[in-house]
Amino acid sequence: MWKDLQDHQKATQGRRIESMLTPDRAADFSVQLGDMLFDYSKTNIDAKARDMLIGLLDATGVAAKREAMFSGQKINETEGRAVLHTALRNLDGAPVIVEGVNVIPDVRATLDRMAAFADQVRQGRFRGQGGPITDVVNIGIGGSDLGPAMAVRALAPYHDGPRTHFVSNVDPADIAQVLRGCDPATTLVIVASKTFTTIETMTNARTAKAWMGQAVADPAVQFAALSTDLDKTGAFGIDPARVFGFEDWVGGRYSMWGPIGLSLMIAIGPDAFRAFLRGAQSMDDHFRAADWHENMPALLALVGIWHNQVCGYATRAVLPYDQRLGRLPAYLQQLEMESNGKRVSMDGADLTCESGPVVWGEPGTNGQHAFYQLIHQGTRIVPCEFMVAARGHEEDLHHQHQLLIANCLAQSEALMKGRSLDEARAIMARKGLTGAELDRQARHRVFPGNRPSTTLLYPQLTPEILGQIVALYEHRVFVEGAILGINSYDQWGVELGKELATALQPVIEGKTDAAGKDGSTAGLVDFLRRNGA
């Protein structure tokens, strides 16, 4: 199957995407879910390639793997865990059985506890020792930070709770800058660590507690924890009523649908948070029920497989034309690269094809004045994923939003069409150039074009739409991992650096020497020690 796809790609790679855009292609190579439209017609995927890609889904048993995930089987085989972030947004209460137990009642009870606490904070019934809560500081890292930080920013128009801040980096500049703008007597600190041992998170938590302790009698009263370890949270001084746990079948980068989303719930309110969950649930239902030819997450995944594993494009740009989605590319970096950045399959054998791509991006139109130069005229092809809303939240500036849309659509059109040398020469001739100088200047203005992109459209960025977008990309990652035969739900690649950092800390502190370290590391430590480390 892989060879057939690669042979077909080689046979058609010189074909212009623009030449394929018949009047019917846009409708045939797009899919709609409610008010959301995904268009992949500006790619070199034709009907034959799509059929072969869908054949990959059947050949690798994606449908069975999908049902295994939703039904609570332990598809995270290296850690012996189920993968059930979808259960956290199962608002209709359909049973999900894990080891003989329906987990949904506990999920709903936790969601209700979160909502009650969020309302207490938002309504001033839970107060700081100096008055109602004015600021919430979420301390986490990775999935305990990227998801809620992205979503709080994305849903700023719905933010009617306390000011919300996020601290993740162990770099003291991060927490110092955040706390500098907060009043310790009216700040709630949320510590997000399942085990309550994550070194960066707990270091920052202790710093925040010391900061608060300089102004209030009992700082722990203004702390909440998102953790499963009541002993450790109790030792920190946090009342169990303000501890919200989640099971080991919720992975960090898939966790903001539950307790890790508490900061988001406080910011936008329980009703809007439930709308966020409802949007994700609608994508779950679609993913489970839709035919592959109409299945938005599957088709998004197959476009990714085509571009990365078949065409060999090693990178993918995510380009939201929405300033409030400025953190979405970073969120998707973790979602995709930590999930599918693997080198072995489930059985431990080396992969026979490339694993996940490098994912990156920034909001438009900023990127147009930065890295779009490389995308349009660089020697490497970078598939682009555009997204834009039909309208923004600033109704009095609708004309400006229309300019934003025009830029988004123009970029995908320009990537596809390009500009030929003859067209560039004509432009230079109109400017009065002739001869060798005309030709030289024209060559700088050639755009190869024929560069693929997809576009995701929706009416407006609401909590429900954001939930759909995030769930869409979650399921895309699942499908890609299932096709490649890898475990998308472990992350052993983060462990070695942690272990070595723990061993290096006493060396940096001067408590032990650098004996046994390689010459480069020993030399770097020596320089840093001589310069105040």
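## Charged pairs, cores and helices

Author: Arg274 is partly exposed, with a relative accessible area of 29%, where buried means under 20%, exposed over 50% and partly exposed in between, using a 1.4 Å probe and protein chains only. Residues are numbered from 1 along each chain as its sequence is written, and side-chain values use heavy atoms, with hydrogens and water left out. This is a predicted model, in which local features need pLDDT of at least 70 and side-chain atom pairs count only at pLDDT 80 or more, while totals for chains, interfaces and linings use all residues.

Reader: Okay, and which residue does Arg274 form a salt bridge with?

Author: Its partner is Asp112, with the closest N and O atoms 3.0 Å apart; a salt bridge here is a side-chain nitrogen of Lys or Arg within 4 Å of a carboxyl oxygen of Asp or Glu. Arg274 lies in helix 12 and Asp112 in helix 6 (residues 104-122), so the pair ties together parts that are 162 residues apart in sequence. For the naming, helices (H or I, at least four residues) and strands (E, at least two) are DSSP runs numbered from the N terminus. Asp112 is also partly exposed, at 45% relative accessible area.

Reader: What else sits in helix 6, say Pro105, buried or partly exposed?

Author: Pro105 is found in helix 6 and counts as partly exposed, at 47% relative accessibility. Its C-alpha atom is separated by 25 Å from that of Lys232, which is 127 residues away along the chain.

Reader: Back to the charges: how many salt bridges does the structure hold, and which residue meets Asp284 in one?

Author: The structure holds 30 salt bridges. Among them, the side chain of Asp284 meets that of Arg89 at 2.8 Å, N to O. Asp284 belongs to helix 12 (residues 270-289) and Arg89 to the loop between helix 5 (62-70) and strand 3 (97-98), so this pair connects parts 195 residues apart in sequence. Asp284 counts as buried at 3% relative accessibility, and Arg89 is buried too, with a relative accessible area of 0%.

Reader: What about Arg253, where is its partner?

Author: Arg253 meets Glu338 in a salt bridge of 2.9 Å, N to O. The pair links distant parts of the chain, 85 residues apart, with Arg253 in the loop between helix 10 (230-236) and helix 11 (262-268) and Glu338 in helix 14 (residues 328-340). Arg253 is buried, at 4% relative accessible area, whereas Glu338 is partly exposed, at 22%.

Reader: And which residues are linked in a network of salt bridges?

Author: Arg316, Glu336, Glu385, Arg476 and Glu480 are linked in that way.

Reader: Switching to the nonpolar side: which residues of the largest core touch the most other members?

Author: Leu188, Trp249 and Leu466 do, out of 115 residues in that core, a nonpolar core being a set of buried Ala, Val, Leu, Ile, Met, Phe, Trp, Tyr and Cys residues joined through side-chain atoms within 4.5 Å. Helix 19 (residues 463-484) gives the most to this core, with 13 residues. There is also a second, separate core of 22 residues, which includes Ile139, Val167, Leu179 and Ala205.

Reader: How covered is helix 7, and what covers its buried residues?

Author: Helix 7 is mostly covered, with 11 of its 12 residues buried. What covers the buried ones includes strand 7 (135-139), strand 8 (163-167), strand 9 (187-192), helix 11, helix 14 and helix 19. As for helix 13 (residues 296-310), 15 of its 15 residues are buried, and the helix is followed by Gly312, whose phi is positive, near 85 degrees.

Reader: Last one, what does the chain look like overall, in helices and strands and in radius of gyration?

Author: The chain has 21 helices and 14 strands. Its radius of gyration is 25 Å, close to the 24 Å that the globule rule gives for 533 residues, so the chain is as compact as a globular protein of that length; the radius is taken over C-alpha atoms, and the rule is 2.2 Å times the number of residues to the power 0.38. The C-alpha atoms fill a box of roughly 80 × 60 × 60 Å, taken along the principal axes, and buried residues make up 52% of the 533 residues.

Key: Contact = heavy atoms within 4.5 Å.
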